[in-house]
Amino acid sequence: MSRSRTLAVLFALVAATGLVGAWLPVGHAEVDAQPSPHSLEIRGSGAMGGLARAMAEKYMADHAETVVTVQTCGATQALKSLIIGTSGLAMGTDEVPEELSKLAADLKVELKRTDVYRDALVVVVHPSNPVRDLSLKQVRDIFRGTVTRWSEVGGPDAEIEVFSLQATSATYEVFKRQVLGADAVMTPKATLVTGKQLREGGIKPLAVGYVGLSQWVRLNKPGAAKAEREKKERLEEGITVDCTSPPPGADAAADPNAQALIFQGVSIGGVCPSTRSVMDGTYPIVRRMSLYQRVDGPRPLTDAVVGYFMDETKGQLHVAKDGNVPMKAVKR
Amino acid sequence: MSARTFAALAACLALAPGCRSQTKTQETLLIAGNASLARYLEPVVREFTALHPSASVVVEPGGSTAAVIALKRGAIDVAALSRLVAAEEDDPYLHDYQICRDGIAIVLSPANPLLAGGEASALAEAKAAEGKEKSRTVDLTKRQLEDIFSGDVTSWKQLGGPDRPINAYVREKTSRSSRSFNELVLDGDDPFPGAKVVKRTDDMIEALKKDPNGIGFLSVRKLTKELVVAKVEGVEMNRLTMLSGRYPLARTFYLAVYMKPSKLAEEFLQFTLSKTGQELLAKDGLLAVH
């Protein structure tokens with residue numbers, strides 16, 4: 001049958017059932033999606049995709065005959081798949097949406113969560129802006145729109161230009177939850193940008209925005225000396241955002257290091273975002289990325305793969321090299 | 001099943017409410033979706049019906065998107081998908097099961113101009129002499145591959161090599177790896193008319209062995225050490241990178257059901273996921289996932 005004819009017949013079929021209202025018995029399919037003890041299917045947030053693919057390949061290389069597959073999709077979709085049983089491990093943030101908690105309860109499914117790493121959000125301004133510290137309340141008020149001028153927070157007398165990431169961004173989700181509060185709204189005056197636009201366009205002199213700590217190093221195009229220092233930071237001591245550097249003076253053009261900074265990070269309540277301040281809990285704008293599994297019967301392969309994510313020499317080291325904050329210190 | 005029988009089934013559904021549910025207990029199974037997957041399922045269906053002689057299983061193409069719609073309307077029992085269900089299509093009663101992965105390897109002659117040992121620079125030769133394996137592989141981007149096989153890039157010079165013509169080799173349209181290749185590399189389009197068409201896998205291998213300027217493709221199972229396999233986007237093609245999803249010229253096949261499907265549908269799914277089902281798929285060059 002030609003393709004177009006098949007399509008036509010298929011749609012005729014659909015239309016026919018639409019007219020009658022096909023009777024579909026309500027309920028869930030009962031198929032064992034993981035019939036082999038040697039295979040594991042992981043679905044989840046693209047933010048964890050790179051880490052998951054690395055862990056999958058590492059595990060398979062160490063254990064011939066096992067199959068560990070990774071498919072990226074939205075965190076909600078991944079969690080749903082885990083709950084209804086079409087996959088074995090889900091990657092997402094540390095919060096389960098309410099409708100999925102209900103679905104799990106309805107299907108009598110219990111979930112177990114393992115936090116894999118943390119990611120901090122850095123509030124950024126232009127290097128020429130003298131503001132270097134804001135309280136969490138001030139950040140909240142700025143992004144909600146109740147504080148509108150830099151002079152209200154110790155800066156020049158000019159209107160604050162608020163930039164935020166698109167609502168589809170996972171970083172925005174964290175920002176919304178941690179800074180705005182669940183029911184609070186972003187100021188309608190905010191300009192919405194994509195991560196790419198931020199990377200390519202930089203930040204304007206009177207603007208305020210936010211980026212993930214792991215992106216911090218990549219976004220600030222480094223001069224040669226800075227690159228060396230950052231490489232050292234990432235691999236040895238972790239990342240530290242310098243919130244104390246003064247705005248570049250009149251002779252800034254002469255100093256290549258001053259030129260190099262595109263985004264200036266601010267401290268929140270006196271705490272600069274860094275691997276250390278996230279780890280010790282003093283930095284307030286943090287999200288956790290987690291793995292979820294079902295608690296029904298022992299599944300050695302799932303536990304073993306989660307173990308790889310949590311291993312200091314494997315998953316946690318990978319996390320640190322990416323610029324994210326592992327759950328505990330790793331020897332880099 | 002002929003178009004007439006198909007239309008008859010449609011008529012039955014239109015005229016007899018509840019006919020669908022009767023059809024279910026009479027052991028018919030209607031599967032539709034991605035055309036490539038529909039063909040790959042043929043041996044699985046044959047084996048399944050041998051084990052369930054009273055069952056009648058029909059597999060039709062029509063595309064993944066149409067199949068999801070048809071599935072949720074109850075018009076078909078199982079959707080055969082070449083992609084994960086999209087967020088907008090998803091709901092708690094849609095169960096999609098990964099059944100295998102499909103990949104395409106890009107292959108070239110060992111005397112390819114981009115490699116040391118071809119007409120490459122002295123530097124590359126020196127690297128090879130030092131034992132640095134890197135110069136023995138070709139690394140191409142998806143964009144470059146699309147350009148090569150759509151005729152937009154015609155000289156190795158445009159890929160950083162010497163000024164020699166690129167000879168693109170493709171398989172006959174009816175071959176399964178041809179369909180996979182078109183969908184994975186050319187976004188569903190056909191290769192440009194200037195690409196040389198070969199009949200069988202062996203013909204592809206022979207042609208590339210003889211033609212230093214050639215570039216072609218093979219399915220995962222038919223790889224041979226006699227040809228160079230290109231990295232794509234910096235990723236080596238192997239079983240692990242295809243299963244992890246890192247290798248870009250690979251995709252995942254799913255079978256999906258909606259609400260409470262018939263027992264036959266559940267049995268068919270379970271059979272496809274079983275060792276037997278997986279082996280049947282692997283025989284045709286797909287990558288088993290269970």
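Predicted model: local features only at pLDDT ≥ 70, side-chain atom pairs only at ≥ 80, totals over all residues.
Local features were required to have a pLDDT of at least 70 and side-chain atom pairs a pLDDT of 80 or more, while totals for chains, interfaces and linings use all residues; side-chain values rest on heavy atoms, without hydrogens or water. Residues are numbered from 1 along each chain as its sequence is written, and chains are lettered from A, and ligands numbered from 1, in the order in which they are written.

Confidence was examined for chain A. Its average pLDDT (the predictor's confidence in each residue, from 0 to 100) is 84. A score of at least 70 is reached by 81% of the residues. Helices (H or I, at least four residues) and strands (E, at least two) are DSSP runs, numbered from the N terminus. Among the elements of chain A, helix H2 (residues 49-62) has the highest mean pLDDT, 97. The lowest, 48, belongs to H10(A).

One disulfide (a pair of cysteine sulfur atoms within 2.5 Å) was found over all chains. It joins A:Cys243 to A:Cys272, with an S to S distance of 2.3 Å. A:Cys243 lies in the loop between helix H9 (224-237) and helix H10 (256-260) of chain A, and A:Cys272 in the loop between strand E10 (267-268) and helix H11 (275-279) of chain A, so the bond ties together parts that are 29 residues apart in sequence. Relative accessible area was classed as buried (under 20%), exposed (over 50%) or partly exposed (in between), using a 1.4 Å probe and protein chains only. A:Cys243 is buried, at 3%. A:Cys272 is partly exposed, at 22%.

A:Cys73 is in no disulfide. Its nearest cysteine sulfur is that of B:Cys100, 18 Å away. For B:Cys100, the closest cysteine sulfur is in A:Cys73, and this distance of 18 Å is too far for a bond. A:Cys73 is buried, at 14% relative accessibility. B:Cys100 is also buried, at 0%.

Helix H3 (residues 75-84) of chain A is mostly covered. Eight of its 10 residues are buried. Among them are A:Leu79, A:Leu82, A:Ile83 and A:Ile84. A:Lys80 is also on the buried list, as are A:Gln77 and A:Ser81. The cover includes elements of chain A: strands E1 (39-44), E3 (89-93), E4 (111-125) and E11 (286-294), and helix H4 (98-106). Strand E4 (94-108) of chain B is also part of the cover. A:Gly85 follows H3(A) and has a positive phi, near 95°.

Rings of Phe, Tyr and Trp (its six-membered ring) pair if their centres lie within 6.5 Å; planes under 30 degrees apart count as stacked, over 60 as edge-to-face and the rest as tilted. Nine pairs were found over all chains. B:Tyr40 and B:Phe253 form a tilted pair, at 6.1 Å centre to centre and 50° between the planes. B:Tyr40 is in helix H3 (residues 35-40) of chain B and B:Phe253 in strand E11 (residues 250-258) of chain B, 213 residues apart. Both are buried, B:Tyr40 at 3% relative accessibility and B:Phe253 at 0%.

B:Phe48 and B:Phe268 have ring centres 5.1 Å apart and planes at 90°, so this pair is edge-to-face. B:Phe48 is in helix H4 (residues 42-51) of chain B and B:Phe268 in helix H11 (residues 263-273) of chain B, 220 residues apart. Both residues are buried. Elsewhere, ring pairs link A:Phe143, A:Phe175 and A:Tyr210 into a cluster.

How values were computed: Contact = heavy atoms within 4.5 Å.
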